[in-house]
Amino acid sequence: GLPVTLKLTAGQAHDGRSADDMLATIGPGQTLLVDAAYDSNRLREHLAEIGARAVIRPIPRRRDPPPLDRDACRRRNRIERFFSKLKHYRAIATRYEKHDANFLALVKLAATRIWLRVYESVT
């Protein structure tokens, strides 16, 4: 439930199209756990080529949906909880910063604070 990579995209941008440059961080033996917005045969094939596992909830209108690992899919809740924690920072929730670079810096700072909170509770 903690971020590895953060990327800022336009609000109207489709998630699936903006994922291509983030896939460089996925390697063999890793699992990509995303929601239905990322469901595409091209993405699934790419992950299979590099030896990564795709846990993607299929789009409801798919004719022949691929099998879904429901146990792994339930763990996606951790990701949603991270976004919930991120929204506790008022400057992020209300988007005070209008410049993309400044807003992304605030998101990264908040993510770092969330990481540190988890790290401090472990040690």
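R53 and D69 join their side chains in a salt bridge, 2.2 Å from N to O (a salt bridge is a side-chain nitrogen of Lys or Arg within 4 Å of a carboxyl oxygen of Asp or Glu). R53 sits in strand β2 and D69 in the loop between β2 and α3, so the pair ties together parts 16 residues apart in sequence. This is a predicted model, where local features need pLDDT of at least 70 and side-chain atom pairs count only at pLDDT 80 or more, while totals for chains, interfaces and linings use all residues. Residues are numbered from 1 along each chain as its sequence is written, and side-chain values use heavy atoms, with hydrogens and water left out.

**Salt bridges**
- The count comes to 7 salt bridges.
- D39 and R62 also pair up, at 2.8 Å from N to O.
- D39 lies in the loop between β1 (31–34) and α2 (41–50), and R62 in the loop between β2 (53–56) and α3 (70–74), so this pair ties together parts 23 residues apart in sequence.
- D35, R76 and E80 are linked in a salt-bridge network.

- D39 is buried, at 8% relative accessibility (buried means under 20% relative accessible area, exposed over 50%, partly exposed in between, with a 1.4 Å probe and protein chains only).
- R62 is partly exposed at 22%, and R53 is partly exposed at 35%.

**Positive patch**
- R75, R78, R81, K85, R113 and R117 form a positive surface patch (its residues have over 30% relative accessible area and no salt bridge, with like charges joined within 9 Å).
- Helix α4 gives the most to this patch, with 3 residues (helices are DSSP runs, H or I, of at least four residues, and strands are E runs of at least two, numbered from the N terminus).

Definitions and conventions:
Patches are made of residues with over 30% relative accessible area and no salt bridge: like charges are joined within 9 Å, nonpolar side chains (Val, Leu, Ile, Met, Phe, Trp, Tyr) within 5 Å. Accessible areas come from the Shrake-Rupley method with a 1.4 Å probe; for residues, only the protein chains shown count as cover. Lys and Arg count as positive and Asp and Glu as negative; His and the chain ends are not counted. The place of a charge is taken as NZ of Lys, CZ of Arg, CG of Asp or CD of Glu.
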